Amino acid sequence: MSESFQNQKPFGVTNIIVYVPLILDLNYDARKELFQTHCSGFGVKGHLTGTSKPVDDKDDAWFNLDALVKMWIYGNVTQSLLNMILKPSATSHSVWNNLETLFRDKKQARMIELDHALHTPTLGDLSISDYCERMKVISDLLTNIGSPVFEQTLVTYLINGLSPKFDNIPTMFYH
């Protein structure tokens, strides 16, 4: 019996969304961290990293656990991503690596897109709270992909996107 099968906890989880409440779309880094933490807590992270291997081709316990981890991955992505990563006979490690490759290949384009959104914000119909939250999310996403935004820079971009009715805001920050 493989070592990973001794831990029965993962088999109690069929709906990964309960533990990892983010559907993988554009929030790859946050979702990756939550998913890896979950897998680590359930003793199956080796299936993602490739360090857990079957004893032989008849190691049903390992293959069952690997299928479960794959189901968690498949159940937590958008339909379009599922179509890209769904491969017959793939291990959870290879599926996980395919996701990583998909998102890392798009990292530079994503960084440019987020940077543009941060430089050209508009309040529009958003409440101030929603507008600030949107700017914070963009800043956090940039940080997650290796392009952190300084707080003072974020405040400057935030102020620049305000409508004219908030013209007095910059003077509060700079006096």
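Residues 24 or more positions apart account for 60% of the contacts in this protein with a separation of 6 or more, a contact being heavy atoms within 4.5 Å. What you are looking at is a predicted model, in which local features need pLDDT of at least 70, side-chain atom pairs count only at pLDDT 80 or more, and totals for chains, interfaces and linings use all residues. Residues are numbered from 1 along each chain as its sequence is written, and side-chain values use heavy atoms, with hydrogens and water left out.

On confidence, pLDDT is the predictor's confidence in each residue, from 0 to 100. The mean for the protein is 79, and 77% of the residues reach 70 or more. Where pLDDT is low, the predicted coordinates should not be read in detail.

Now the fold. There are nine helices and zero strands; helices (H or I, at least four residues) and strands (E, at least two) are DSSP runs, numbered from the N terminus. Of the 175 residues, 38% count as buried. Buried means under 20% relative accessible area, exposed over 50%, and partly exposed in between, with a 1.4 Å probe and protein chains only. The protein exposes about 10,400 Å², and carbon and sulfur atoms supply 57% of that; the areas come from the Shrake-Rupley method with a 1.4 Å probe, and for residues only the protein chains shown count as cover.

Next, the cores. A nonpolar core here is a set of buried Ala, Val, Leu, Ile, Met, Phe, Trp, Tyr and Cys residues joined through side-chain atoms within 4.5 Å. The largest has 21 residues, of which Phe35, Val44, Leu48, Trp72, Ile73, Ile85 and Leu99 touch the most other members. Helix H1 (28-41), H3, helix H4 (79-85) and helix H5 (92-105) each give two or more residues to this core. H3 gives the most, with six. A second, separate core of 14 residues includes Leu118, Tyr131, Met135 and Leu162.

Let me take H3 itself. Helix H3 covers residues 60-74, and its 15 residues should span 21 Å at 1.5 Å a residue; the end C-alpha atoms are 20 Å apart, which agrees. The expected span is 1.5 Å times one less than the number of residues. Buried residues in H3 are Ala61, Trp62, Leu65, Asp66, Leu68, Val69, Lys70, Trp72, Ile73 and Tyr74. Leu65 has a relative accessible area of 0% and is therefore buried. Its C-alpha atom is separated by 7.9 Å from that of Val44, 21 residues apart along the chain.

Then H7. Tyr131, Met135, Ile138, Ser139, Leu141 and Leu142 are buried in H7. They cover an arc of only 160° around the axis, which puts them on the same side of H7; the arc is that of the directions from the helix axis to the C-beta atoms. An α-helix has 3.6 residues a turn, so residues three or four places apart point the same way. Helix H6 (107-119) and helix H8 (151-160) are included in what covers the buried residues of H7.

Which residues does Met135 touch, not counting those up to four places away in sequence? They are Leu118, Pro121, Leu154, Tyr157 and Leu158. Met135 is in helix H7 and counts as buried because its relative accessibility is 0%. The C-alpha atoms of Met135 and Leu158 are separated by 6.9 Å, although the two are 23 residues apart along the chain.

Last, two backbone points. Gly146 follows H7 and has a positive phi, near 90°. Ser89, in the loop between H4 and H5, has a positive phi of about 60° although it is not a glycine. Most residues other than glycine have a negative phi. Ser89 counts as exposed, because its relative accessibility is 75%.
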